[in-house]
Amino acid sequence: MLVRDWMTPQPITVTPDTPVMDALKLLKEGGFRRLPVMDGDRLVGITTRKDLKDAMPSKATTLSVWELNYLLSKLTVEEMMARPVITAAEGEYMEDAALRMQEHHVGGLPVLNDAGRLSGIITTMDVLRAFTGILGMREGGQRLTLDMPDVPGSLERATGAILPSNIISVATYGGENGRRRFVMRVSGEGLKDVRERVRATGIDVLD
């Protein structure tokens, strides 16, 4: 599961000298939250809707309409953009990009190709699409959560118990106190009594 498979390709961009009001208009019309900032073919920054809105004068300002319009016409993206830019690579794993987003507390990363050029953008929404895709949420079936010893062979034991039903997806978490939980989505033959079959082998079925 690579970034290139889930990113939004060819994102809309702005330049450092783009007026803030023009950038806000692009965000509103496009229904997105961030804009990579390009100087020619070089990525030099990124700006978000929040950054740009924070640049707007307070409603309590005593400036006249003329003064406000003048100030806003002079305010550019360069003054509000974040730099240096935290990026992702097309060929890296989605989970690595998601971890970087979490570590840096950002909601999106511009994506660079092998030549170092901007080719897309990955956001928390894309991470959620990937997550639900991996878990087979749109493929129907039933969800099982199994609690098992965190030892080699546990997954094999679980899959054997689930047969003849088909396993759509598998995820694990835990690993504490010598136990691990397996979250599976299953479908097909034998689905009606799959929980009873699994429990009959001594595996704890939590839901």
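Colleague: By class, how many residues in the lining of the largest pocket are nonpolar, polar and charged?

Modeller: This is a predicted model, where local features need pLDDT of at least 70 and side-chain atom pairs count only at pLDDT 80 or more, while totals for chains, interfaces and linings use all residues. Residues are numbered from 1 along each chain as its sequence is written, and side-chain values use heavy atoms, without hydrogens and water. With Ala, Val, Leu, Ile, Met, Phe, Trp, Tyr, Cys and Pro as nonpolar, Asp, Glu, Lys and Arg as charged, and the others, Gly among them, as polar, the lining has 7 nonpolar, 6 polar and 3 charged residues.

Colleague: Which element gives the largest share of that lining?

Modeller: Helices (H or I, at least four residues) and strands (E, at least two) are DSSP runs, numbered from the N terminus. β2, β6 (118-123) and α5 (124-134) each give two or more residues to the lining of the largest pocket. The largest share, 4 residues, comes from α5.

Colleague: Which residue in β3 is the bridge partner of D39?

Modeller: Strands pair if DSSP finds at least two bridges between them; 6 bridges join β2 (residues 34-39) to β3, and the two run antiparallel. They form a hairpin with 2 residues between them. In β3, the partner of D39 is R42.
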